There are 4 protein chains.
Amino acid sequence: MGSLPALLVRPVAGHSTSTGEHTVSALTLADARQIIAAAEARANEIGQPQNIAVVDAGGNLVAHVRMDGAWIGSIDVSINKAWTARAFEIPTVDLGAFSQPGTQFYGIQVSNHGRVMIFAGGLPLRRDGRVVGGIGVSGGTGEQDQTVAEAGAAAL
Amino acid sequence: MGSLPALLVRPVAGHSTSTGEHTVSALTLADARQIIAAAEARANEIGQPQNIAVVDAGGNLVAHVRMDGAWIGSIDVSINKAWTARAFEIPTVDLGAFSQPGTQFYGIQVSNHGRVMIFAGGLPLRRDGRVVGGIGVSGGTGEQDQTVAEAGAAAL
Amino acid sequence: MGSLPALLVRPVAGHSTSTGEHTVSALTLADARQIIAAAEARANEIGQPQNIAVVDAGGNLVAHVRMDGAWIGSIDVSINKAWTARAFEIPTVDLGAFSQPGTQFYGIQVSNHGRVMIFAGGLPLRRDGRVVGGIGVSGGTGEQDQTVAEAGAAAL
Amino acid sequence: MGSLPALLVRPVAGHSTSTGEHTVSALTLADARQIIAAAEARANEIGQPQNIAVVDAGGNLVAHVRMDGAWIGSIDVSINKAWTARAFEIPTVDLGAFSQPGTQFYGIQVSNHGRVMIFAGGLPLRRDGRVVGGIGVSGGTGEQDQTVAEAGAAAL
């Protein structure tokens, strides 16, 4: 399998919302709206309408918006990027790098009933170092989706 | 089957956004947010957290919010109530009445890959008499979902 | 719609894991094993092999066992009963009562991609009054599933 | 296509639990728990929370656990790695090698409704040379998943 990328050597403390503890930090609708507002501002800045979705620690949708003119095919993609980023606690672009032919997760995208998105635009959302949800952005190029997702994630 | 209710005898003008004309009244994200804000206010008024979804004329999601504490099982239900109300241009509660055992649409709920919701909480959204989208609310009793959907629809 | 059953008039405090607060009580694997052990003991007591599943607050599977001789068709059913009970914060048998023809949630079982189970055997799991997950039991009659689920839920 | 690897030239005796005989060596829940306990011990040893699943000769789930902090996206992956390893009687990492672009099974991962996992972490479970089930592990790198699956399989 070769040497492992540093990214995948996750400290136990950093990748869990439930490691033997009895509380989990919740992601509220107010949090989601703040995240979406920041993402939307960035999307306007670069002139690219986007679908923006936020899921909580359970991977369940908290809020979604489709900006006027954004692709309808990206509704599902944005929601599933958010889910993937939370479910595997990894930016979807990085999961994509590990899922190319010949790499260790090749084929993972057929699991979970088609919910696993392996290209840029999904990021885990963290609070106090813990993953408490995910943001997914879809509607532009990989670079555009990524920068909008980053703006959103930074707002938490 | 008996006579059809007036509700189902739809004037051509009333049920289409694309009957030979070259414009469709679009439902914008700003519209959806206004609708959701009104629905959310009503949900707070009755003290019942809800999932609220708005779809456009194409039946595609424009925006969704899950209020803090609303059921996660209702995410999908709210989105699909909105879709159903727009897709069949009928309140979901009325479609439900026509879908009971022994009635003319019995079984319709298994069509469209599980998207057809046949209980209260979904309403078509109209502008100038035309259906331009749908709102779906899920998270409470049928009565609660219905009143919140009505508040949302009235805001358009 | 008629008068609403008391069961559905949920106090805001009692049905939510994320009502504006920033922590959620987590359900650990140790919790799930304790719940399953109690359910299994009850299943043995009544002489009925069962599938037993436990999900957390996000509706995601924490643990599942199929007792020797239990139906393979019940694997999926047990997991989805657990999911349903958590997702709608209601015993599945009660959701079933509200989903019969002519009642307010008739047709809900086609939502959520076939995950909604509307017969006995699924119960929300509560800690300090909050829903933190669900247990689902399938493999016997409705009565048998129910008593085994109750034994499990009581162990939390 | 080139010559087939020895691995795929399976002796009749080695790949079947039902070739004309009237008994199948059953994998019990007790077996599954023993396998899971060994896998879990190895996961703790390497400090990586995992999802661990065991299926029987029919490919049907016997037991699953998600260790605290393990990815929720890996629930489905672990169950399907176990299924794949049993269904094709091959370690999933080897099936992966035969499923790369340009190789003979390229595309197999879209069959079986997304259940075919083609990366490390799934192993057939054998008793007296016969495949009686499968173990699937997901939650870490390919190397981590593999070592945990091997520890589990060795316990049978």
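The model is predicted, so local features need pLDDT of at least 70 and side-chain atom pairs count only at pLDDT 80 or more, whereas totals for chains, interfaces and linings use all residues. Residues are numbered from 1 along each chain as its sequence is written, chains are lettered from A in the order in which they are written, and side-chain values use heavy atoms, without hydrogens and water.

The interface is described further in the table, where contact means heavy atoms within 4.5 Å and buried area is the accessible area (1.4 Å probe) that two parts lose on being put together, summed over both.

| Feature of the interface | Value |
|---|---|
| Residues from chain C | 30 residues |
| Residues from chain B | 29 residues |
| Buried area, chain C and chain B | about 2,300 Å² |
| Share of buried area on carbon and sulfur atoms | 61% |

On the side of chain C that touches chain B there are 13 nonpolar, 14 polar and 3 charged residues. Here Ala, Val, Leu, Ile, Met, Phe, Trp, Tyr, Cys and Pro count as nonpolar, Asp, Glu, Lys and Arg as charged, and the others, Gly among them, as polar.

Chain C can be laid on chain B with an RMSD of 0.1 Å by a turn of 91 degrees and a shift of 0.4 Å along the axis, after least-squares superposition on the C-alpha atoms of residues with pLDDT of at least 70 in both. The two copies are thus related as by a four-fold rotation axis. Only 10% of the interface residues of chain C are also interface residues in chain B, so the copies meet through different surfaces.
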